[in-house]
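The model it rests on is predicted.

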Amino acid sequence: MNKPLVGAFLAALLLGAGAAPVVAAEPAQQGQAQETASKAGPAAKAVTFAGTVALSNCSGSVVRSPDSAPTDPALVLSNGHCLESGFPGPGEVVVDQPSSRTFTLLNASGDGVGTLKASKIAYGTMTDTDLSLYETTSTYQQIEDSYGIQALELETAHPTAGTAITVASGYWKRTYSCDIDGFVHQLKEGRWTWKDSVRYTPECQTIGGTSGSPVIDDATGKVVAVNNTGNESGQECTDNNPCEVDENGEVTVREGINYAQQTYNMVPCIGAGSKIDLDREGCGLPKP
């Protein structure tokens, strides 16, 4: 996974600098991120940081479904492995758990303009997908009135290979531009398995702290996935080294390639008032 930074920092304390994985917060990796972003080229004009957020250890974004009302509580999208309660185990689904987590809201230039506060974890899991949805104490209209920022709209259709995308990290205030290279039947990493994952072309060299970043279709400006992991050292199916498994069980390892989890299948789960209803028709999220 694109490691949550707090977890990586604790690993460094416990294991020592020599044994710990590289942490995104270190200056050397900051330079690497700048170089990567430069090589990737500028993001499309339609894609800015407006609506993205920075968590304490990850990235995220304020998102809405096409049917969301201005008076609905705003939702913040990130990864399941970014939850403050820690990684959900295989088969574990978190629903309607109280949370007072805060998020720094960014404007188009990447400047922090305000703080949003969660009222609860509406949904979180690392089973089949890797996502979390926080319900906030602010409505979409209140955010727009206070900060002039609109939520990012979630795409309702399965994305297609070859689509130009931008991964917008609110934590690092950096973007990574590439294309959707294809889709993975099963992506296995350690104890977890994700289905129909998005595989990036090599230009998107995401790092720790970019976890939870929205993956935005450059042409439409809509969110098609949430960034979550990459194979760091060429190992097979281990933590931080996911492997691809096809329909026939054949395993492929792609060192240096990064991945995301699609979000179109969660749109039908969002009902009136931003309530997550896993029994709604078309909802593709795992149930508890």
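## The C237–C243 disulfide

The S-S bond of C237 and C243 has a torsion of about 95 degrees, so this disulfide is right-handed. The sulfur atoms of C237 and C243 are 1.9 Å apart.

C237 is partly exposed, because its relative accessibility is 22% and the buried class requires a value under 20%. C243, with a relative accessible area of 0%, is buried.

## The C58–C82 disulfide

C58 is bonded to C82, with an S to S distance of 2.1 Å. The link of C58 and C82 is left-handed, with -85 degrees about the S-S bond.

## The C178–C204 disulfide

A further disulfide connects C178 and C204, at an S to S distance of 2.1 Å. The torsion about its S-S bond is about -100 degrees, so the link of C178 and C204 is left-handed. Because C178 lies in strand β10 (residues 174–189) and C204 in the loop between β11 (192–200) and β12 (214–217), the pair ties together parts that are 26 residues apart in sequence. Both C178 and C204 are buried.

## Overall disulfide pattern

The protein has four disulfides in total, among them the links C58–C82, C178–C204 and C237–C243. With bonded cysteines counted along the chain, the pattern is 1-2, 3-4, 5-6, 7-8.

## Aromatic pairs

The count of aromatic pairs comes to three. One of them joins F103 and Y134: the ring centres are 5.2 Å apart and the planes lie at 65 degrees, so the pair is edge-to-face. This pair links distant parts of the chain, with F103 in strand β5 (residues 102–106) and Y134 in strand β7 (residues 131–139), 31 residues apart. F103 and Y134 are both buried.

Y171 and W172 form another pair, and it is edge-to-face because the ring planes are at 75 degrees, with the centres 5.3 Å apart. Y171 is partly exposed, with a relative accessible area of 26%, whereas W172 is buried at 11%.

How values were computed: Residues numbered from 1 in each chain as written. Predicted model: local features only at pLDDT ≥ 70, side-chain atom pairs only at ≥ 80, totals over all residues. Heavy atoms only, no water. Disulfide = S-S within 2.5 Å. Helix = DSSP H or I, 4+ residues; strand = E, 2+ residues; numbered from the N terminus. Buried < 20%, exposed > 50% of the residue type's maximum accessible area, 1.4 Å probe, protein only. Phe/Tyr/Trp six-rings, centres within 6.5 Å; stacked < 30°, edge-to-face > 60°.
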